[in-house]
Amino acid sequence: MKLHDLAPPKGATKAKQRVGRGTGGKGHKTAGRGTKGQHARNTVPAGFEGGQLPLMQRIPKLKGFKNPFRIAYTPVNVGVLGQIAGDEVSLQSMVEAGLCRPKDLVKVLGQGALTRPIRVTAHAFSASAAAAIVTAGGSVEKMPLPFGNGRPPASGNALMNR
């Protein structure tokens, strides 16, 4: 294809103005960009504001509020606890079964069925999980949280969005 082969699409009523296509038409030579300079050479990046901090960097990256005192539990369902061997399920036996990591805070949730009585020790229990364990003939023992009864220490640093 050559420059003289360029044509508007079929059915178009007016030819599109093609700038920078030689001296025969309008918008030749500098193609409406003026003479010389940064803007004439197509080197200004998108969003550049002349050295001022661009809008995309001025607005916050993340929306909302991140609670630095959130307690993050690892969920473990009652149905999975029934598959662990033995009549006592502790944090150590859950780690050995691959359900959680050694330093995780574990919360037992009520999904699944429990067919045998077991004694479960965890950091937290949902109401449905505790009811399912007790109705199966087992018992529930709540472990103390590692940071005491108050709220946990703040995560992050002083520059975090609090």
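Which residues of the largest nonpolar core touch the most other members? I began my notebook with this question, working on a predicted model in which local features need pLDDT of at least 70 and side-chain atom pairs count only at pLDDT 80 or more, while totals for chains, interfaces and linings use all residues. Residues are numbered from 1 along each chain as its sequence is written, and side-chain values use heavy atoms, with hydrogens and water left out.

Entry on the core. I looked up a nonpolar core as a set of buried (under 20% relative accessible area, 1.4 Å probe, protein chains only) Ala, Val, Leu, Ile, Met, Phe, Trp, Tyr and Cys residues joined through side-chain atoms within 4.5 Å. Of its 18 residues, I found that Val78, Leu81, Met94, Val106, Val108, Val120 and Ile133 touch the most other members. At least two core residues come from each of α2 (78-81), α3 (91-96), β3, β4 (119-122) and α4 (127-135), and α4 gives the largest share, 3 residues. Helices here are DSSP runs of H or I with at least four residues, and strands are runs of E with at least two, numbered from the N terminus.

Entry on the sheet. I then followed an open sheet of 3 strands, ordered β1-β3-β5 with parallel pairing, where pairing requires that DSSP finds at least two bridges between two strands. Its edge strands are β1 and β5 (124-125), each pairing on one side only. I noted 5 bridges between β1 (residues 73-77) and β3 (residues 105-109), with Tyr73 bridged to Leu105.

Conventions
Buried means under 20% relative accessible area, exposed over 50%, partly exposed in between (1.4 Å probe, protein chains only).
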